[in-house]
Structures are given as structure tokens and as C-alpha cells.
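Biologist: I would like to learn how to read a protein model. Can we take one feature at a time?

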Amino acid sequence: HVDAEATLTFMSAIKPKQPKHSKRTAPHPASVSLCPPRRPLPPHALVLAPMVGASELAFRLLCRRHGAQLCYTPMMHSSRFASDAAYRAAELCTAQGDGPLVAHFCGNDGATLLAAARLPGRGAHV
């Protein structure tokens, strides 16, 4: 037979250690993004998310005709985009009425990503 009162007293004396929470927080995105001048995007109610094999120009224009206000390109490799003009021309197709447009890059080197993002020749809406 177990004494319930003694068990409760014993259990209340054993307190699990509370994890110590770090006071560190993630930096604000504006502090780690591209340096000024930044162009703020207006609010968008309908956004076409990036989709592999479906975010090409023709589909983006169709979606814009049906109300999409902001679109993404298909994901592009930043290293090839930064170094290969033919890849750039093939992957980043745009036209009048296809803006604002977010260029969607992948990569594992910050300098290469930044070089791809800064390349000239893109329209003002990209």
C-alpha cells in the first residue's frame, strides 16, 4: 500500500530543471538584406509562389491576367546565372506586364548569390 500524501510530497520536492532560454534573437531581416537603395514592395493580396517547372513567363502572364499581383521566377542557380549569359537569357525571361517579379535564386555562397542578384540587364520590375 502506497501512502498518497507522502508520494505527493516527494513528487513536489523533485522539480524538473527548466531549460535556460537564450536571450539571443535573430537579426531583423532588413539588417542583413541587400544594402540601400532598397525598393519596398507594395502590399500584394495575390502572390504566385515559385513552382518548379511552372513559374515560367507564359504561366506568370496567365496568372497575372487572373489577378496575381506578385510573381516569382522558377529557381535559378546563382553560380550559373552569375557566370553564364546564355543561362541567364534562357532562365530569366520577362515581358511588359510581368512585374513586379521576384528572381528566385539558390546557392550556397553569399557572394555568388549577391553577384547574381546585382547583375544588370534585368527590367526595373525584377
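Modeller: We start with burial. A residue counts as buried when its relative accessible area is under 20%, and as exposed when it is over 50%. This model is predicted. Of the 126 residues of the chain, 17% count as buried.

Biologist: How many helices and strands does the chain have?

Modeller: The chain has 6 helices and 5 strands. Read from the N terminus, the elements run α-α-β-α-β-β-α-α-β-β-α.

Biologist: Which strands form the open sheet, and in what order?

Modeller: Two strands pair if at least two bridges are found between them. Here 3 strands make an open sheet, in the order E1-E2-E4, with parallel pairing. Strand E1 (47–48) and strand E4 (101–102) are the edges, as each pairs on one side only.

Biologist: How many bridges join E2 and E4?

Modeller: Strand E2, residues 70–72, pairs with E4 over 2 bridges, in the parallel sense. Look for Tyr72: Val102 in E4 stands opposite this residue.

Biologist: Which helix lies across these strands?

Modeller: Helix H3, residues 57–65, lies across E1, E2 and E4. The helix runs at about 160° to E2. Angles between N-to-C directions go from 0 to 180 degrees.

Biologist: Which residues of H3 are buried?

Modeller: The buried ones are Arg60, Cys63 and Arg64. They cover an arc of only 100° around the axis, so they sit on the same side of H3. Their cover includes E1, E2 and E4. Ala58 and Arg65, on the other side of H3, are exposed.

Biologist: What follows H3?

Modeller: Gly67 follows H3, and its phi is positive, near 115°.

Biologist: Let us zoom in on one residue. Is Arg60 buried or exposed?

Modeller: Arg60 is found in helix H3. Its relative accessible area is 1%, so Arg60 counts as buried.

Biologist: What does Arg60 touch?

Modeller: Contact means heavy atoms within 4.5 Å. Leave out residues up to four places away in sequence, and the residues touched by Arg60 include Leu48, Cys71, Tyr72, Thr73, Cys93 and Asp98. Take Tyr72 as a case. Arg60 and Tyr72 are 12 residues apart along the chain, and their C-alpha atoms are separated by 8.2 Å.

Biologist: Which side chain makes a polar contact with the side chain of Arg60?

Modeller: A polar contact needs a pair of N or O atoms within 3.5 Å. The side chain of Arg60 makes one with the side chain of Asp98, at 2.8 Å. Arg64 has a polar contact with Asp98 too, side chain to side chain, at 3.0 Å.

Biologist: Where does Asp98 lie?

Modeller: Asp98 lies in the loop between helix H5 (85–91) and E4.

Biologist: Which peptide bond is cis?

Modeller: The bond from Gly99 to Pro100 is cis, with omega near 0°. Pro100 lies in the loop between H5 and E4.

Biologist: Now Thr73. Where does this residue lie?

Modeller: Thr73 lies in the loop between E2 and strand E3 (76–77). Its relative accessible area is 1%, so Thr73 counts as buried.

Biologist: Which backbone nitrogen lies 2.9 Å from a polar atom of the Thr73 side chain?

Modeller: That nitrogen belongs to His104. Set aside neighbours within four places in sequence, and the contacts of Thr73 include Pro50, Arg60, Leu92, Val102 and His104.

Biologist: How many disulfides are there?

Modeller: A disulfide needs two cysteine sulfur atoms within 2.5 Å. By that rule the count is 0 disulfides. Take Cys71. The closest cysteine sulfur is in Cys63, at 6.3 Å, which is too far for a bond.

Notes. Residues are numbered from 1 along each chain as its sequence is written. This is a predicted model: local features need pLDDT of at least 70, side-chain atom pairs count only at pLDDT 80 or more; totals for chains, interfaces and linings use all residues. Side-chain values use heavy atoms; hydrogens and water are left out. Helices (H or I, at least four residues) and strands (E, at least two) are DSSP runs, numbered from the N terminus. A polar contact is a pair of N or O atoms within 3.5 Å; within protein, one must be able to donate a hydrogen and the other to accept it, and residues adjacent in sequence count only if both atoms are side-chain atoms. Buried means under 20% relative accessible area, exposed over 50%, partly exposed in between (1.4 Å probe, protein chains only). The arc is that of the directions from the helix axis to the C-beta atoms.
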